[in-house]
Amino acid sequence: MQSPAKFLKHKGWHQTTIIALVGGIYVLGSWFLKFDNLNGLLAIPKAFAWLGVNFRPTANSMEYLPRIWQKLIQTVLLAISSTVVAAIISIFVALLGSKVTGINGFVQTLVRGVASFFRNIPLVAWSMILLFSFKQSDFTGFLALLLMSIGYLIRAFMEIIEDEASETMLALKATGANYFQVIFQAVLPQILPSILSWILYMIENNVRDATLVGILTGTGIGFIFDIYYKSFRFDAAGMTVLAIIIVVIGLETISNQIRKVIL
Amino acid sequence: MINSEETNTIIQKPKLPDSPEIKLHEKSLSRTMIIAVFIGLILITGYTLTHLDTAGVQINQAFKELITTLNQMFLQPNAGTDGVTLLLQALGSSLLLSILTTIIGAVFGFLFAVLASKNLTNAYLGAGIRVVMAIIRAIPTIIWALIFSIVCGLGTTAAILGLSFHSVAYLTKAYSESIEGIDNSTIESLKVTGAKFWVIIFQAIWPTIVASFVSWTFIRLEINFANAIAVGAAAGAGGIGYQLFVASGMSFDFHETGFIVYLVILVTFVLEFIAVKIRRFYLNR
């Protein structure tokens, strides 16, 4: 049994070491990257002052609005459709690969490996490779988002199946139901709410990622922001950012309301 | 003697009880909602896919090209003209960038989370911080980096500020959700002893949430590494992302692209491994 004084001393040392370690990494890191902390800090108010002056939408920038809106809706539709297609593919793969519904150990390991591989290939790499073959079209953006989402959703769905469905599955198996009956009558109905919640999260995430994909592949809202930004039409760029904020927060609110009902 | 007629009257067919039909599914708002949302999503997907602009690309041809490219990338990777040393340097600077921004995000995120949690501060301050953070989070990281690059010039400073902004907003939300999950009696009992605000934070709140603090911070580290690559590619902030962009979009050297992708995957595996170890350490304490 430790004495309280000894415990507190040990705890103090532990905390000091961690703080020193993290602080050391920070200082060394800023030195390596030549990051000037003071100038960086000063840049924040400067940046916001600049934003306030240049990004403020003027009466003139209203005429950009229809075009921005059209691209933004297109981006949201792309994000939704890529997520839904990814979800349909992922659910079957996750059923094959999860520990409770999976076929055998080899397939389970394979599915895990493939999902992890897809998830960790940078979105930039997907966008650029696909851009090379599929040229500058919405389909490129769709595929890039799809491949990225599949990696995330397979892993998420497998975890959901393992967490939530194993007991219901056992109950149905005990009645003598066959594999497909178990899947369609026990597993899928049980995990549907959690799956929907993940799909909604992925849609929000994809709308944000679509901006990056758009800048790289020249599609959707990212492309239009890039054009305005690089041609110094900052009021229009500000308008674009404002529209993105409204849509993303709107989507977040809607999905939170849906989650409240279903979970 | 028992004749057959009597047995007939004794053994009667039992009457079926007048039971209502067994319902397989209970009707509830939740079920209706799930079905409605799924139908809606599938309709939107169908509409989008049939109206997708493919810019007149021959899909079969394109897929064939894609397979050639993937073959070059994953089966024949090499360091290309840049050389291994340069690529490793770039990888290191991207990794440092993500660690640095995660540290900034964690420190400021925790401060803001304490000020924004409903069970610790007054409602107006909390609501104000939450709204501001929601707005910051709604703007993609890449746009933050582009905005800061006007003031600081293209380079690491802009990338660090851009990534930090998003990290702070993300972690504030994550941490404050963990803080709000704390049992109120813990806080109340410390308040009764007359403990000051920051004493409560560091003696009651911090030890309770440290495990989830660590998990969220490492999740953000992984996201920040992905974002550091993205910012390097799309905002010219340097690092491995820029090399990736040049190799795949300018010099079309897919062997080098493959090499870079393998490097990135290796780093994310190592990060995941460390995260799992540290998380287990804090959960078992």
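In this predicted model, helix α3(A) passes helix α8(A) in a right-handed crossing. The residues that make the contact can be listed for each helix. From α3(A) come A:T75, A:V76, A:L78, A:A79, A:I80, A:S82, A:T83, A:A87 and A:L95. From α8(A) come A:I183, A:I199, A:M202, A:I203, A:N206, A:V207, A:A210 and A:G214. Sorted by class, the residues of this contact are 12 nonpolar and 5 polar, with no charged residue.

Two packed helices are described by the angle between their axes and the distance between the axes. Helix α3 of chain A covers residues 65–97, and helix α8 of chain A covers residues 179–217. These helices pack at an angle of about 140°, and their axes are 8 Å apart. Angles over 145 degrees would count as roughly antiparallel, so α3(A) is oblique to α8(A).

Where pLDDT is low, the predicted coordinates should not be read in detail. Chain A has an average pLDDT of 86, and 99% of its residues score at least 70. Among the elements of chain A, α3(A) has the highest mean pLDDT, 91. The lowest, 80, belongs to helix α2 of chain A, residues 37–54.

Next comes the contact between the chains. Chain A contributes 60 residues to it and chain B contributes 59. On the side of chain B that touches chain A, the largest share comes from helix α2 of chain B (residues 29–50), with 11 residues. By class, that side of chain B has 44 nonpolar, 13 polar and 2 charged residues.

Conventions:
Residues are numbered from 1 along each chain as its sequence is written. Chains are lettered from A and ligands numbered from 1 in the order in which they are written. This is a predicted model: local features need pLDDT of at least 70, side-chain atom pairs count only at pLDDT 80 or more; totals for chains, interfaces and linings use all residues. Two residues are in contact if their C-beta atoms, placed from the backbone, lie within 7 Å. Helices (H or I, at least four residues) and strands (E, at least two) are DSSP runs, numbered from the N terminus. Ala, Val, Leu, Ile, Met, Phe, Trp, Tyr, Cys and Pro count as nonpolar, Asp, Glu, Lys and Arg as charged, and the others, Gly among them, as polar. Axes are lines fitted to C-alpha atoms, for helices over the stretch in contact, and angles run from 0 to 180 degrees between N-to-C directions. Angles under 35 degrees count as roughly parallel, over 145 as roughly antiparallel, 65 to 115 as roughly perpendicular and the rest as oblique. A crossing is left-handed if the near helix is turned anticlockwise from the far one by less than a right angle, and right-handed if clockwise. pLDDT is the predictor's confidence in each residue, from 0 to 100.
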